[in-house]
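Here is a short briefing to read beside the model. Have the viewer open and follow along, topic by topic.

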Amino acid sequence: MASAAEQMASTMNFGAFSKATELKKRLWFTLFALIVYRIGTYIPVPGVDPTVLADVFQQNSGGVLGMFDVFSGGALGRMTIFALNIMPYISASIIMQLMTSLSPQLGQLKKEGEAGRKKINQYTRYGTVLLATVQGYGIAVGLEGLSLSSGQSAVIDPGLYFRLVTVITLVGGTVFLMWLGEQITARGVGNGISLIIFSGIVAALPGALVGTLELGRTGQLSSVIILFLLILSVGVIAFIVFMERAQRRVLVQYPKRQRGNKTYGGQNSHLPLKLNTAGVIPPIFASSLLLMPTTVAGFSAGTGPEWLTTVTVLLGHGTPLYMLMYIAGIVFFCFFYTAVVFNPDETADNLKKNGGFVPGIRPGARTSEYLDYVLTRLTVVGAAYLSLVCILPELLISQWAVPFYFGGTSLLIVVSVTMDTTAQIQSHLLAHQYEGLIKKANLGGRRK
């Protein structure tokens, strides 16, 4: 028999949505914030020649710049105020997560609850500013070195003043996006940082679709291949949704406790362990490391060492070595990041303190070993799933020269953010219906 919550969720319709005024305000705020972000991706950094920059970026779009340009919604390719996007904040957050596992002081802050979390968030913001400053200065210096074969430079007036203005502009853009993401999380719907990346990726989809249809019109791609790609995209999305929702529920029991004439506890619960605990972090790290030689070689323009050119050829898109290294990197970072975000010893201690235990497993060290065993098996399947999804675009590019990066990290982010945002909208609707029932119950009680 369905629970009360499931029955209420099944009755949700547009009528319930129209009455949820708080949810509508949150949705409008989220939409307005994302529009502000998209407008900012077209405001250029002062002192940059957009024509020269577009030609130079076209030549280096196959490296790590192309991947980050997808995440920024084209802001990096146009060198706008949001060129760094939110990536420095994500990098700082990952570094802080690693540091909380390595540093006893930060680990203690994590255990202090809300006060400790606020301090860690503040340290993350300081790290974001520091990383954005370093990356902004690197971009400013790199822009001064970019030029066409004709000798025309991408920077109109290079020098110290240009570097200072570029660093201030890019750091200010990143800090503004960090603030905007926090506002979306607090006053909107969904995770603000994820929605900013999501909107940047989705903004590039219409152009990619038009490019694919144009190839079909000119005969470079057959209609059968285009139809196959459409069917494949639906299948991959369904596969990602299924795998992202998959979890292993470890049964946890709590003993009964007698206090006076009343008995407390005795209920069963479960500890959900996701199949893909690491999320999209492994593909991002693995692809960034592999695309770095390609990017450096592209900026060197033949002036670099010979071994760098050889490595670039061997690690080109579609080569067997690149695919093998890509899969190895995904598997490594899956296990590494899972070990960072989930601590079996800490989870086992918390269960023991609250009186919970896994049936058939002794509390304490044995429970920790069991959780580690289960999580390792799940991570093997999760790493295989991520490798399969992320290697798909490489196969499509090498076989049929598909003009867009289908699958991989971009599709994982889009599907994950869509699922998370939809779940939050349903939660708001469910809470609104509960409030309506409570008000009716109060009115009925007063009338009686």
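Trp28, Leu31, Ile35, Ile39 and Ile43 form a nonpolar patch on the surface, with about 520 Å² of accessible area together. Patch members have over 30% relative accessible area and no salt bridge, and nonpolar side chains (Val, Leu, Ile, Met, Phe, Trp, Tyr) are joined within 5 Å. A salt bridge would be a side-chain nitrogen of Lys or Arg within 4 Å of a carboxyl oxygen of Asp or Glu. Areas come from the Shrake-Rupley method with a 1.4 Å probe.

The model is predicted: local features need pLDDT of at least 70, side-chain atom pairs count only at pLDDT 80 or more, and totals for chains, interfaces and linings use all residues. Residues are numbered from 1 along each chain as its sequence is written, and side-chain values use heavy atoms, with hydrogens and water left out.

**Ile43**
- Ile43 sits in the loop between α3 (21-40) and α4 (50-59); helices are DSSP runs (H or I, at least four residues) and strands are E runs of at least two, numbered from the N terminus.
- With a relative accessible area of 39%, Ile43 is partly exposed (buried is under 20%, exposed over 50%, partly exposed in between).

**Helix α15**
- The buried residues of α15 include Tyr322, Tyr326, Phe333 and Tyr337.

**Whole protein**
- The protein has 18 helices and 4 strands.
- Of its 448 residues, 40% are buried.

Definitions and conventions. Patch = residues over 30% accessible without salt bridge, like charges linked within 9 Å, V, L, I, M, F, W, Y side chains within 5 Å. Buried < 20%, exposed > 50% of the residue type's maximum accessible area, 1.4 Å probe, protein only.
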